[in-house]
Amino acid sequence: MPPAALGRPPQLPQLPAQMFTTAAQLLDLTDKKLMIALRDGRKLLGILRSWDQFANLVLQSTKERIFVPPGTAPNQTRGLYADIERGIFLVRGENVLLLGEIDLDRDDDPPAGYDLADVELVKSLAKQKKLEEKIKEKAKVKKLSTIGFEGEN
């Protein structure tokens, strides 16, 4: 006899994991090493230990990786990067821009086109680059305002 005839509702087929569009997709990434790009531009590497319905994440053994693109400093042909140990890290879900699993076979390799450098050097170069970009952005907003466009406040 069919299940409906026994007084039970018919069994619905299970959806594949790719169909989840909520924080439930994080289930497959639990206890895996991830790289997370945040809205403010920071990059975090850590092991996903927990998450909730808002996609707030708890990362263990977290490192913040700072990148400086090639050409930021004179005679710099390759990019530089440095890792800062952060330990256990709580990330608010709305601040996550992108996340992905890290290939553990290539985990120890430096990013292509980048060399490991001193943390203080990379921090100062990144700060200098950010300041230059801010100055360029102000000039662009000023130029656009002369032709009638309003910049964001």
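**View 1. Phenylalanine 149 and its nonpolar neighbours.** Phenylalanine 149 sits in the segment that follows helix 1 (119-146). As in every view here, the model shown is a predicted one. Together with Leu144 and Ile147, Phe149 makes up a nonpolar patch on the surface. The accessible area of Leu144, Ile147 and Phe149 together comes to about 310 Å².

**View 2. The salt bridge between arginine 49 and aspartate 31.** Eight salt bridges turn up when the whole structure is searched, and here is one of them: arginine 49 with aspartate 31, whose closest N and O atoms are 2.7 Å apart. Arginine 49 belongs to strand 2 (residues 43-51) and aspartate 31 to the segment before strand 1 (33-38), so this pair ties together parts 18 residues apart in sequence.

**View 3. The salt bridge between lysine 33 and aspartate 107.** In this close-up, lysine 33 pairs with aspartate 107, and their closest N and O atoms are 3.0 Å apart. Because lysine 33 is in strand 1 while aspartate 107 is in the loop between strand 5 (96-101) and strand 6 (114-116), the pair ties together parts that lie 74 residues apart in sequence. Aspartate 107 has a relative accessibility of 22% and counts as partly exposed.

**View 4. The salt bridge between aspartate 115 and arginine 78.** Aspartate 115 forms a salt bridge with arginine 78, with 3.0 Å between the closest N and O atoms. Distant parts of the chain are linked by this pair: aspartate 115 comes from strand 6, and arginine 78 from the loop between strand 3 (57-68) and strand 4 (79-91), 37 residues apart.

View 5. Is leucine 116 buried or exposed? Its relative accessibility is 60%, so leucine 116 counts as exposed, the cut-off for that class being over 50%. Which residues does leucine 116 touch, leaving aside its neighbours within four places in sequence? The contacts are with Tyr81 and Ala82.

Note on methods. Residues numbered from 1 in each chain as written. Predicted model: local features only at pLDDT ≥ 70, side-chain atom pairs only at ≥ 80, totals over all residues. Heavy atoms only, no water. Patch = residues over 30% accessible without salt bridge, like charges linked within 9 Å, V, L, I, M, F, W, Y side chains within 5 Å. Areas by Shrake-Rupley, 256 points an atom, 1.4 Å probe, with all protein chains shown as cover. Salt bridge = Lys/Arg side-chain N within 4 Å of Asp/Glu carboxyl O. Helix = DSSP H or I, 4+ residues; strand = E, 2+ residues; numbered from the N terminus. Buried < 20%, exposed > 50% of the residue type's maximum accessible area, 1.4 Å probe, protein only. Contact = heavy atoms within 4.5 Å.
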